[in-house]
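Subject: Structure for your review

Dear colleague,

Please find below the structure that I am handing over to you. My notes on what was found in it follow directly after.

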Amino acid sequence: MAKKRTLFECQACGFQSPRWMGKCTGCGEWETMVELSTEQIKFLKETATASSARPASKAKPITQIGEDNIIRFSSGSRELDLVLGGGIVPGSLTLIGGSPGIGKSTLLLKIAGNLAQRSQKVLYVSGEESAGQIKMRANRLNANHDQLYLLPEINLQSVLTEIINESYKFIVIDSIQTLYSDTTPSAPGSVTQVRTITFELMRIAKSLHIPIFIIGHITKDGSIAGPRVLEHMVDTVLYFEGDTNSELRLLRGFKNRFGSTNEVGIFEMNKEGLNDAKSMAGKFFDKEKLQSGSALTVIMEGSRPIIVEVQALVSESYGHPKRSSTGFDNNRLTMLLALLEKKLDLPLGTYDVFINISGGIKVNEPSADLAIIAAILSSYRDRELSTETLFIGEVSLTGEIREVSGLTQRLKEIQTQGFTKAVIPNKPIETTKIKCFIADEVSKVMEWM
Ligand SMILES: Nc1ncnc2c1ncn2[C@@H]1O[C@H](COP(=O)(O)OP(=O)(O)OP(=O)(O)O)[C@@H](O)[C@H]1O
Ligand SMILES: [Mg+2]
Ligand SMILES: [Zn+2]
């Protein structure tokens, strides 16, 4: 008798192996390998042979190929259009991810409503909520329009039938993890299901030239629950950022086959839904409430400068010192702390250090280094910083403070928002009304605090 074939599949990245392993060699996740049933292995084998049996299509010289003419259309939201690179691309598949309650359904229902209002036929598929629940939200968002169709459904084949039979101009799937395909013998949300469904949606989006937006839930480590594979398959991946305590939400491009991923959409949550933020002024800090351990900086989000507050808590450690940051890279924090120990002789090795960026924003550029250092020093010495001063600069391993891009633009924003002073690494090219203090080395920061 032939030996039973075993196959394990990582539920995070889809990596397959004949042996079980504690840590997936594909993505490095622990305890994600799940044994596939005989039925599932048979299915994989069949789909593999089915695709290899198809006649090959003919390749053509690139010089004979015409360019795709992309005609985008507006989503009715300036901010969403911006992150998408100038509007929605027909036939594209976009994934929107974010933690529970952040506003994924709210944003897409509003967009669906915007388009329906302009007489575009729109389909909103929900496997999460009943039609009545969605109706309630639509009332609140002012998204009640004739051309917006709701389909509470979790079966992929039924969804596809609806899409093929009607002529929709825009489709929302809420969410990918709740759909299941009849053809795949795995549980909804599993890597095989998500892969099959995404593949089918991609195929129908491309062939019927309809843009499809897919909502995906995010796990605590920030990836789309289960499959990373999803990110590879779709055209565009956008992630929501922001904490549910603040009304601001950022939508960041992570991948975009039709545009850059530089821009960030900024929205405000209120009872009428998630709307384009009118002004970012003062949204990420409260000047009146700055305490010791707080420092202000201005970061660039795409082409826009935003002032954010960096908070540090430095407290004596009992046992192994903890380092933890929210909204800032932990490795970078460790580096900055090591530098402060070495250059300023601070005994930080016996202190716990916590960093938080207010408003749930994630700082991805090094220009906030100087503000992180200023906040740490402020907390360590328990001395408030001037509420008039902002800190801008990238810190190198040698303790040098480096130039940052767009310095003039940042200083102008500081001026617009009524601040008067800034600690910066070099003399700005253009003069502003801001009084600038130059700190080109970590050791000099103390002088200006
Ligand atoms: N009446 C209301 N007024 C103001 N804000 C509201 C109201 N009702 C809901 N919200 C906001 O909407 C958020 C929920 O948004 P939404 O359901 O779109 O999130 P989601 O990302 O789709 O979540 P899930 O992952 O649970 O589906 C709530 O966290 C809350 O901030
Ligand atoms: Mg939702
Ligand atoms: Zn894996």
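Thr94 is part of strand β4, which covers residues 93-98; helices (H or I, at least four residues) and strands (E, at least two) are DSSP runs, numbered from the N terminus. With a relative accessible area of 1%, Thr94 is buried, a word used here for under 20% relative accessible area, while exposed stands for over 50% and partly exposed for values in between (1.4 Å probe, protein chains only). Apart from residues up to four places away in sequence, Thr94 touches Leu84, Ile212, Phe213, Ile214, Thr236 and Leu238, where contact means heavy atoms within 4.5 Å.

Please note that this is a predicted model, in which local features need pLDDT of at least 70 and side-chain atom pairs count only at pLDDT 80 or more, whereas totals for chains, interfaces and linings use all residues. Residues are numbered from 1 along each chain as its sequence is written, chains are lettered from A and ligands numbered from 1 in the order in which they are written, and side-chain values use heavy atoms, with hydrogens and water left out.

Overall architecture

The protein contains eleven helices and 21 strands. Its C-alpha trace spans about 75 × 60 × 55 Å along the principal axes. Of its 449 residues, 50% count as buried. Among contacts with a separation of 6 or more, 65% are between residues 24 or more positions apart. The domain assignment gives domain 1 (8-46), domain 2 (78-276) and domain 3 (287-448); these bounds come from an automatic or database domain assignment. Between the C-alpha centres of domain 1 and domain 3 there is a distance of 44 Å.

The zinc site and the cysteines

Which residues hold the zinc ion (ligand 3)? The zinc ion (ligand 3) is coordinated through the SG atoms of Cys10, Cys13, Cys24 and Cys27, at 2.3 Å. Donors are N, O and S atoms within 2.8 Å of the metal (3.2 Å for Na, K and Ca), and since water is not among the atoms, sites may look incomplete. The donor residues follow the spacing C-x2-C-x10-C-x2-C in sequence. The arrangement around the zinc ion (ligand 3) is tetrahedral because its four donor atoms subtend angles of 107 to 113°; the term requires four donors with all angles between 85 and 135 degrees.

Cys24 counts as buried, at 2% relative accessibility, whereas Cys27 counts as partly exposed, at 33%. Elsewhere in the chain, Cys436 also counts as partly exposed, at 26% relative accessibility. A search of the whole structure found zero disulfides, a disulfide being a pair of cysteine sulfur atoms within 2.5 Å.

Glu129 is located in the loop between β5 (122-126) and α4 (131-141). Is Glu129 buried or exposed? At 17% relative accessibility, Glu129 counts as buried. Its side chain is joined to that of Arg137 by a polar contact of 2.9 Å. A polar contact is a pair of N or O atoms within 3.5 Å; within protein, one must be able to donate a hydrogen and the other to accept it, and residues adjacent in sequence count only if both atoms are side-chain atoms. Beyond its neighbours within four places in sequence, Glu129 is in contact with Ser105, Ile134, Arg137, Pro152 and Asp174.

Asp174 also takes part in a cis peptide bond, which runs from Asp174 to Ser175 with omega near 5°. Ser175 is found in the loop between β7 (170-174) and α6 (191-208).

Positive phi values and a further loop residue

Glu31, which is not a glycine, has a positive phi near 55°. Glu31 belongs to the loop between β2 (16-17) and β3 (33-35) and counts as exposed, at 61% relative accessibility. Asp382 is likewise not a glycine and has a positive phi of about 50°. Asp382 sits in the loop between α9 (369-381) and β17 (389-391), and at 59% relative accessibility Asp382 counts as exposed.

Thr432 lies in the loop between β20 (421-424) and β21 (435-438). Leaving aside neighbours within four places in sequence, Thr432 is in contact with Leu411, Lys412 and Gln415.

With kind regards

Key
Tetrahedral: all angles 85-135°; square planar, octahedral: opposite > 155°, others 65-115°.
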